[in-house]
Amino acid sequence: MSSHLTPRTAPRSKARAAARLAAVQALYQHDMEATAIPVLLHEFHNHRLGATIEDAEYAEPEVDFFDDVVKGTSARLSEIDTAIAGKLAKGWNLARLDKAMRAILRAGTYELLARADVPTGAVITEYVDVAHAFFDKRESGFVNGLLDAIAKDVRA
């Protein structure tokens, strides 16, 4: 643990990081299987959040934050997708992106749009960290650049 983190903020930061990773997983599952959001939240609350899956123990997430990111992303999907599509290179569209990448970008964009209580730098850094869980450095850089460009538009 970094020495600059106080005992009070360190657990919250870890709980939020776990909530973001779980939210990306839930949004990915929603994209893959079209599972209804209430069903998805129920499944995550009862079977996945803070669980040990395949010998990997997951940190306890901030459940309310997880719920907000999943529900909020779903509710504002059209607005979020428009913001992301507007920053993609010419010839690219959301359908060409890997589903996990879409989930990361959608969750990050939702936070930039709706969670003014979370600093821009924290949002971008956290989703770059989530990208590291799924992708190589190049893709993490893509997440960084795209979320930074969206932040310049929505948090001006």
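**H2 against H3.** I started with how these two helices cross in this predicted model: H2 passes H3 in a right-handed crossing. I then looked up the geometry and got an angle of about 160°, with the axes 11 Å apart. Since angles over 145 degrees count that way, H2 is roughly antiparallel to H3.

Next I listed who meets whom. From H2 I have Ile37, Leu41, Phe44 and His45, and they meet Val63, Phe66, Asp67, Val70, Lys71 and Ser74 in H3. Sorted by class, I get 6 nonpolar, 2 polar and 2 charged residues for this contact.

**H3 against H5.** Here I found an angle of about 100° and axes 9 Å apart, so H3 and H5 are roughly perpendicular to each other. On the H3 side I noted Phe65, Asp68, Val69, Gly72 and Thr73, and on the H5 side Arg106, Ala107, Tyr110 and Glu111. The class count for this pair is 4 nonpolar, 2 polar and 3 charged residues.

Phe66 and Val70 were already in my notes, from the H3 side of the contact with H2.

**Val143.** I checked its neighbours last. Leaving out residues up to four places away in sequence, Val143 touches Met101, Ile104, Leu105, Tyr127, Val128 and Ala131.

Definitions and conventions:
Residues numbered from 1 in each chain as written. Predicted model: local features only at pLDDT ≥ 70, side-chain atom pairs only at ≥ 80, totals over all residues. Heavy atoms only, no water. Contact = heavy atoms within 4.5 Å. Axes fitted to C-alpha atoms, helices over the stretch in contact; angles between N-to-C directions. Helix = DSSP H or I, 4+ residues; strand = E, 2+ residues; numbered from the N terminus. Parallel < 35°, antiparallel > 145°, perpendicular 65-115°, else oblique. Left-handed = near helix turned anticlockwise from the far one by under 90°. Nonpolar A, V, L, I, M, F, W, Y, C, P; charged D, E, K, R; others polar.
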